[in-house]
Amino acid sequence: PYSGPSTEEILRKRQQYLSPAICHFYKKPLNLVDGKMQYLFDEKGRRYLDAFGGIATVCCGHCHPEVVDAIVDQTKRLQHSTVLYLNHAIADFAEALASKLPGDLKVVFFTNSGTEANELAMLLARLHTGYHDIISLRNSYHGNAAGTMGATAQSNYKFNVMQTGVHHALNPDQYRGIFGSDGPKYAKDVEDLITYGTCGYVAGFIAEAIQGVGGILELAPGYLPAVYSTIRKAGGLCIADEVQSGFARIGSHFWGFEGHGVVPDIVTMAKGIGNGIPIGAVVTTPEIANVLTRRNYFNTFGGNPMCTAGGLAVLRVIEKEKLQQNAFTVGSYLKERLTSLKGKHEIIGDVRGRGLMLGVELVQDRELKTPAKVETAHLMDEMKELGVLIGKGGFFGNVFRITPPLCFKKEDADYLVDVMDFVMSKM
Ligand code: PMP
């Protein structure tokens, strides 16, 4: 049983000593004490089905014993910066990770977060090409430091500080976009941005295959191949931000970009790579990686033994427990069930995504697509009361984000949909 401070006490300390900017998901904030696979437990021992996975972070399951053992065993032996010394953990994980990527994507840089990974990716692109301009997509999220905040394109995540050289292209949004699912039509906007907004050459292009924070939006088919070709003609590199869509989550493939039939020049990752511990990575080609030898590039904790031992265990568990296959099977089943809910509840405007990265967009009016923001927050709260945690997002805060641990079962999917159905029926 839990014997720590009360929820009120934690809340008071949080309000007094932590950032005034943090927000809670629920009216009555949840105090989480334990996690086990797809379940979370509060201070009273009440169990919740976790369909958000700490923002698509937990892939193997909360506190997966094999991952925990790997982390603890390594921590007992050695845990410090291994940038300047040899240690097997970083080398072993780099080798294993490189084996999951196609082509020449074989050189790994480890970081501590997704933001850092994307900052490094943009730096590599700028150094390698000698150009400065970067194109990202409207509605994207890439991080919160100077460069990545520039690449992020949602006003609610952007502060008014210097963010130079990023142009935001029309989002190939299949639900709200002006060209529907016609990817190549949206891609023309990238050509125009290059023609009218740059010297004609760019450092690169960065995009998520499925926008996570933006509301689980899968880029329209045919978009990425067309844009990759345009970018390469303009001298730029193509960066795939796999922070949410990577690590088997989309089921059909290990990486989100594979679902679009493209091979990027740089791939960035975080979240799922560590099943909850702070680690990120950038993988690129030997030629591109080489630009960093011009100066010292240094990251104290990037690739530290504890995190890389954990990362290696994550890869092992994904393979051993066939989690990609599970994400495909359970994800397809869940999407089907959510889609059939659409027939019953007018508030559901769209059901989308792949594998265990699914979104349900709520609208007040299907024709006008008026975002049902207040209703989304209310339903989410009600679902929590019935023991189901899901996420929300999208620019208007009206999209349920479903990104559970990849060990999610068919019965969990049923419970999630039944609870959603019930709270929608009650509203
Ligand atoms: N890229 C994407 C697609 C993300 O979703 C996030 C985090 N939400 C980031 C980058 C930034 O990662 P971090 O919060 O670890 O810095």
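Strands β1 and β2 (residues 39-42) run antiparallel and are joined by four bridges. Within this pair, Leu32 lies opposite Asp42 of β2. The structure described here is a predicted model. The two strands belong to an open sheet of four strands, in which the order is β1-β2-β3-β16 and the pairing is mixed. The edges of this sheet are formed by β1 (32-36) and β16 (388-389), each of which pairs on one side only.

Confidence in the model was examined next. The protein chain has a mean pLDDT of 97, and 100% of its residues reach 70 or more. Within the chain, the lowest confidence is found in helix α1 (residues 7-17), with a mean of 93, and the highest in β10, with 99. The scores of the model are ipTM 0.99 and pTM 0.98.

Strand β5 (residues 134-137) runs parallel to β7, and three bridges join the two. Ile134 has Gly204 as its bridge partner in β7. Strand β7 is also parallel to strand β10 (residues 237-241), to which it is joined by four bridges. Here Ile206 has Ile239 of β10 as its bridge partner. From β10 the pairing continues to β11, again parallel, through three bridges. The bridge partner of Ala240 in β11 is Val267. The pairing of β11 with strand β12 (residues 280-284) is antiparallel and has four bridges. In this pair, Ile266 is opposite Thr284 of β12.

The surroundings of two of these strands were then considered. In a regular strand, side chains alternate between the two faces of the sheet. In strand β7 (residues 204-207), Gly204 and Ile206 lie on one side and Phe205 and Ala207 on the other; all are buried, and both faces of the strand are covered. Strand β11 (residues 266-269) has Ile266 and Thr268 pointing one way and Val267 and Met269 the other way, and all of these are buried.

Helix α7 (residues 183-197) has 15 residues and should span 21 Å; its end C-alpha atoms are 21 Å apart, which agrees. The buried residues of α7 are Gly183, Tyr186, Ala187, Asp189, Val190, Leu193 and Ile194. Seen down the axis of α7, these buried residues fall within an arc of 135°, so they line one face of the helix. The face turned away from the buried side of α7 carries Asp192, Thr195 and Tyr196, which are exposed. An α-helix has 3.6 residues a turn, so residues three or four places apart point the same way.

Helix α12 (residues 373-385), with 13 residues, reaches 19 Å from its first C-alpha to its last, close to the expected 18 Å. Thr376, Leu379, Met380 and Met383 are buried in α12. Around the axis they cover an arc of only 105°, which puts them on the same side of α12. Val374 and Glu385, on the other side of α12, are exposed.

The shell around the ligand comprises 15 residues, of which Ser113, Gly114, Thr115, Gly143 and Val243 come nearest. Helix α5 (residues 114-129) contributes three residues, the largest share of this shell. By class, five residues of the shell are nonpolar, eight are polar and two are charged.

Some individual residues were also examined. Most residues other than glycine have a negative phi. Ile55, which is not a glycine, has a positive phi of about 60°. Ile55 is placed in helix α2 (residues 53-56). It counts as partly exposed because it has 15 C-beta neighbours inside 10 Å. Lys322 likewise has a positive phi, near 50°, and is a residue other than glycine. The position of Lys322 is in the loop between α10 (305-320) and α11 (323-342). With 13 C-beta neighbours inside 10 Å, Lys322 counts as partly exposed.

Ile390 is found in the loop between β16 and β17 (391-393). This residue is buried, because 23 other C-beta atoms lie within 10 Å. Ile390 and Arg401 are 11 residues apart along the chain, and their C-alpha atoms are separated by 6.3 Å.

Technical notes
Residues are numbered from 1 along each chain as its sequence is written. This is a predicted model: local features need pLDDT of at least 70, side-chain atom pairs count only at pLDDT 80 or more; totals for chains, interfaces and linings use all residues. A residue is near a molecule or strand if its C-beta atom, placed from the backbone, lies within 6 Å of it. Ala, Val, Leu, Ile, Met, Phe, Trp, Tyr, Cys and Pro count as nonpolar, Asp, Glu, Lys and Arg as charged, and the others, Gly among them, as polar. A residue is buried if 20 or more other C-beta atoms lie within 10 Å of its own, exposed if 12 or fewer, and partly exposed in between; C-beta atoms are placed from the backbone. Two strands pair if DSSP finds at least two bridges between them. pLDDT is the predictor's confidence in each residue, from 0 to 100. The expected span of a helix is 1.5 Å times one less than its number of residues. The arc is that of the directions from the helix axis to the C-beta atoms.
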